[in-house]
4 protein chains.
Amino acid sequence: MKKKIKILEFRVDAKSAMPIYEQIKEVIKYNVISGTLVSGDRLMSLRDLAMRIKIHPNTIVKAYYQLEVEGFIESKPGKGYFVKQNRKIFSKAKKDVFEKSVREFISKSTKLGFGMDDIFKELKKIDKERTMRKSEEKDDRN
Amino acid sequence: MKKKIKILEFRVDAKSAMPIYEQIKEVIKYNVISGTLVSGDRLMSLRDLAMRIKIHPNTIVKAYYQLEVEGFIESKPGKGYFVKQNRKIFSKAKKDVFEKSVREFISKSTKLGFGMDDIFKELKKIDKERTMRKSEEKDDRN
Amino acid sequence: MKKKIKILEFRVDAKSAMPIYEQIKEVIKYNVISGTLVSGDRLMSLRDLAMRIKIHPNTIVKAYYQLEVEGFIESKPGKGYFVKQNRKIFSKAKKDVFEKSVREFISKSTKLGFGMDDIFKELKKIDKERTMRKSEEKDDRN
Amino acid sequence: MKKKIKILEFRVDAKSAMPIYEQIKEVIKYNVISGTLVSGDRLMSLRDLAMRIKIHPNTIVKAYYQLEVEGFIESKPGKGYFVKQNRKIFSKAKKDVFEKSVREFISKSTKLGFGMDDIFKELKKIDKERTMRKSEEKDDRN
DNA sequence: GTGGTCTAGACCACC
DNA sequence: GTGGTCTAGACCACC
């Protein structure tokens, strides 16, 4: 049985300040380190992904190549690209992606007019909600 | 002098669970409520945006139409779509978008293996950095 | 027992200056506010109505969608569209439809060469007839 | 130069209680007596009208035939159907159509919950508006 | 079966 | 050029 290729969400914009291949790398990296893609999973073929996101195949080549160099995937000529196993690198990347994500979140909030205090307040509110819900579920089980 | 149309960053993916027109709406809404697009600004024409993000014009029509119903933009047939002035609606939307953004941020963090405590820690770290930098800038000016 | 779907009279013309979806909206709105369709009634399915009036289903989608936004019906995906309960909106719509109907009536009369005075005369005549008939019915019962 | 055929608005519903040929007759009659169609105007060909309103040509034949018998149009074999001149008949028809229109208007209003008094009130309101507007226009010209 | 989304492409009015 | 409407038809998820 052939393993199905996981459909990832590629939100990409050719006109962005960030090059397309970087955007593609980001998506794949995120899916690898979050565990959506696991060791041995095959990526979409260069051509398929190119068609899917309406981008020139060469751009996909560049993204895949760099992901290979960085240790996230490996190419098996004639078979495709596959996710590698590499705890050290993944763990480092997790921290980087998380930190970047936090900074982007702050920046986005700021642009909307919300400061650090608003962020903390909202986070605490949601944290409380979750704690409540969990304790309710606990009660239901008893 | 003709006012230039602002180039927005549209990251959309046809294969996403979220419909394309919703993705487009989100981008435009965000740019309106964050002040990037202001009252009177013209949006890209239906056809231009369609070409730009390689989507069928009808899908853009649907996004623009709904944004009009929701009070963010207005259509002037033969001329284009323009950002409206609507404080009440924008202010409500800001809160909604912010809350959604917080929840997405938490969810993304969780998927990466970081919990509420990690988030608070990272946020505090960055907050501290910023405070430090600001006080340094103050010192520099003195 | 399955509730029967009420058959409405849809007179639409693709070549009219009024868009087809508006014509459809008008018919359904009228039937809702006049009480022919009541809360909970199911509308014809998109495809059935499309076949019935020989119009493309997408046009029906547009009409139903807008009626939903305006609060007259609601969609239950996989089940159908259903009439909502919404006194405030219905009462407002009644006034609007009535006023529009009066204006159309005047305009039609004018095109036939009858003025306001003819209209009042004819209305009074009919009003009298009715009053007479009612009093006769009363007499019959006594 | 060929005279252009006037595009009439045919709102017709095959599922109506009123037969389709009657609906067609009504539309054409109304356009003749209101002066939209004048003596000598050619009607759409049987086939064209059938296609236009997605109805079987035989139904159009029946409608045209009866309109001919009633003196509104005449057939010129090989050329088409043409509007006739017939003051007496038209004048009689005007009265009939007007009276029918008034009764339909009352009936529609009643179904919406508006009585004779509401009708009179609304008509007077609109009449007043019109008188006002006319006198303003008069003032403008002076 | 139901509604929902999307593409492809035509044709319209208005500027 | 601009937006607006419509048809034809595909494919999806949910029931």
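Guide: Two residues are in contact if their C-beta atoms, placed from the backbone, lie within 7 Å. The model is a predicted one, in which local features need pLDDT of at least 70 and side-chain atom pairs count only at pLDDT 80 or more, whereas totals for chains, interfaces and linings use all residues. Residues are numbered from 1 along each chain as its sequence is written, while chains are lettered from A and ligands numbered from 1 in the order in which they are written.

On that basis, 33 residues of chain D are in contact with 33 residues of chain C. Two elements of chain D, helix H4 (87–111) and helix H5 (116–141), each give two or more residues to the side that touches chain C; helices (H or I, at least four residues) and strands (E, at least two) are DSSP runs, numbered from the N terminus. H4(D) provides the largest share of this side, 12 residues. By class, the side of chain D that touches chain C divides into 15 nonpolar, five polar and 13 charged residues, where Ala, Val, Leu, Ile, Met, Phe, Trp, Tyr, Cys and Pro count as nonpolar, Asp, Glu, Lys and Arg as charged, and the others, Gly among them, as polar.

The contact between chain B and chain A takes 33 residues from each of these two chains. On the side of chain B that touches chain A, helix H4 (87–111) and helix H5 (116–141) of chain B each supply at least two residues, and the largest share, 12 residues, comes from H4(B). The composition of that side of chain B is 15 nonpolar, five polar and 13 charged residues.

Other chain pairs do not touch. No contact joins chain A and chain C, whose closest C-alpha atoms are 25 Å apart, and none joins chain A and chain D, for which the corresponding separation is 41 Å.

Returning to helix H5 of chain B, one of its residues is Lys124(B). Lys124(B) counts as exposed because 12 other C-beta atoms lie within 10 Å of its own; a residue is buried at 20 or more such atoms, exposed at 12 or fewer and partly exposed in between, with C-beta atoms placed from the backbone. Lys124(B) and Val38(B) are 86 residues apart in sequence and 33 Å apart in space, C-alpha to C-alpha.

A residue is near a strand of it if its C-beta atom, placed from the backbone, lies within 6 Å. Of the 20 residues around DNA strand E, those that come nearest are Pro19(B), Ile20(B), His56(B), Thr59(B) and Ser45(C). Helix H1 (20–33) and H3 of chain B, together with helix H2 (46–53), H3 and strand E2 (80–83) of chain C, each give two or more residues to this surface, the largest share, three residues, coming from H2(C). Nine of the residues near DNA strand E are nonpolar, nine polar and two charged.

Around DNA strand F there are likewise 20 residues, of which Ser45(B), Pro19(C), Ile20(C), His56(C) and Gly78(C) come nearest. At least two residues each are supplied by helix H2 (46–53), helix H3 (57–69) and strand E2 (80–83) of chain B and by helix H1 (20–33) and helix H3 (57–69) of chain C, with H2(B) giving the most, three residues. The surface near DNA strand F has nine nonpolar, nine polar and two charged residues.

Glu74(B) stands opposite Phe82(B) in E2(B). These two strands form a hairpin with three residues between them, and Gly78(B) in the turn has a positive phi of about 90°. In chain D, strand E1 (residues 73–76) and strand E2 (residues 80–83) run antiparallel and are joined by four bridges, with Ser75(D) opposite Tyr81(D). Here too the strands form a hairpin with three residues between them, and Gly78(D) in the turn has a positive phi of about 85°.

Note on methods:
Pairing = 2+ DSSP bridges.
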